[in-house]
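Subject: Structure handover

Hi,

Here is the structure for you to look over. My notes follow below it.

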Amino acid sequence: MSRTIQLSIWKRKGREMDEKDIDSQTSSIAITQTSKSKMKIKSKAKKNKPKQHPLLSYNELPEYMKDNEFILNYYRSDWPLKQALFSVFSWHNETLNVWTHLIGFGLFLGLMMSNLVDVPQLSEFFGVFPSSSSSSPLSSESNISQNLKDLYPVTAKFIDLNSPEMEMVSPVQKWPFFVFLAGSLFCLLSSTTCHLFSCHSHNLNVLLLRMDYVGIAVMIITSFFPPIYYIFQCQPLWQIFYLAGISVMGTFTIAILLMPKFSSIKYRSFRAFLFVGMGLSGLIPAVHGTLANWNEPRRNAILGYESAMAIFYLTGATFYIYRIPERFRPGCFDLAGHSHQIFHVFVVLGALAHYGAALMFLEYRGSVGC
Ligand SMILES: [Zn+2]
């Protein structure tokens, strides 16, 4: 009895143990599968989650990005292009540098379009400039009592070359005016691109910085075209001499700026003085043109606009060269109010003042002829 009973007990125990083993094996397989799937989900989530790119301090930057030791924080470095592009909508120390010139680009694009196609609403929208010697606030004969009814046709005339108010007695070439607008657009766009993407890599940083410097040189060269072309239109030798002079000087400057040596941080002030020198060389044809047209009634208004342009550019360059105001309180102007942002605003203001003068040059030549 005992043998049979013992055998049956062992068999039952064995079966129970087998069942338990299977159960534990199944449960362990289930656990492994769940943890595997959990890991898969985790790794998928990791893949989908965008990689965080923290903003760095000046000391954490790679050497090539160390430009302004008075701006202490909020730097982007080695960011992918996509993240750099979308960073236009987030705060870092280049946000306002991008937006100041992006808005300037939008303004000039609007001015270009309003002059290429006859869109009165666009002209009205951009109708911020007063016109002609009789109504310019920069003119000695400024008339502030002019009512709005009178103002619209005048502003439209000043903004829109296609306006019937633009009285032309002789046909005038408009291309020098558009050369200036195109040069300004190129400068503002290359600057915006540079400030947005130069944090991507060393190679792109070098390339975009050079493009930014070339953009400034192009803007200066093209700014010379409307005044020289229209003032000296009846003296073709002087016209060619001055236009060729600024073109040669501009090409020479661009060649220097493209040399690797001169695009380094060490030569920042040298580059600024190069641009200022190029701008100041315009004094020679300016003095020549003013003396030759001393009795022209638009003289004061034009000189007013051009003086405003020179003051805007020189003030901007002073902020840029001496890094005012961040040098007095390092770290306080990292996000807003540092020298480069102020410089950008003055560049746009200077270009707008020159736009005002360029339209007056065009109107002057159209009404006077040769
Ligand atoms: Zn800039």
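This is a predicted model: local features need pLDDT of at least 70, side-chain atom pairs count only at pLDDT 80 or more; totals for chains, interfaces and linings use all residues.

Cores. The largest nonpolar core holds 53 residues, and Ala357, Ala358, Met360 and Phe361 touch the most other members. Elements giving two or more residues to this core include helix 3 (95–116), helix 7 (175–197), helix 8 (202–231) and helix 13 (339–368). Helix 13 supplies the largest share, 16 residues. Ala357 touches Pro227, Ile302, Tyr305, Glu306 and Met309, with residues up to four places away in sequence left out. Another core, of 7 residues, lies apart from the largest one. Val98, Cys194, Cys199 and Leu208 are among its members.

Helix pair. The axes of helix 3 and helix 13 come within 8 Å and cross at roughly 10°. Angles under 35 degrees count as roughly parallel, so helix 3 is roughly parallel to helix 13. On the helix 3 side, the contact uses Leu96, Asn97, Thr100, His101, Gly104 and Leu111. Helix 13 brings His340, Gln341, His344, Val345, Val348 and Tyr355. By type, the residues of this contact are 5 nonpolar, 7 polar and no charged.

One residue. Phe186 sits in helix 7. Phe186 counts as partly exposed because it has 18 C-beta neighbours inside 10 Å. Phe186 and Val218 are 32 residues apart in sequence, yet 7.8 Å apart in space, C-alpha to C-alpha.

Best wishes

Notes: Residues are numbered from 1 along each chain as its sequence is written. A nonpolar core is a set of buried Ala, Val, Leu, Ile, Met, Phe, Trp, Tyr and Cys residues joined through C-beta atoms within 7 Å. A residue is buried if 20 or more other C-beta atoms lie within 10 Å of its own, exposed if 12 or fewer, and partly exposed in between; C-beta atoms are placed from the backbone. Helices (H or I, at least four residues) and strands (E, at least two) are DSSP runs, numbered from the N terminus. Two residues are in contact if their C-beta atoms, placed from the backbone, lie within 7 Å. Axes are lines fitted to C-alpha atoms, for helices over the stretch in contact, and angles run from 0 to 180 degrees between N-to-C directions. Angles under 35 degrees count as roughly parallel, over 145 as roughly antiparallel, 65 to 115 as roughly perpendicular and the rest as oblique. Ala, Val, Leu, Ile, Met, Phe, Trp, Tyr, Cys and Pro count as nonpolar, Asp, Glu, Lys and Arg as charged, and the others, Gly among them, as polar.
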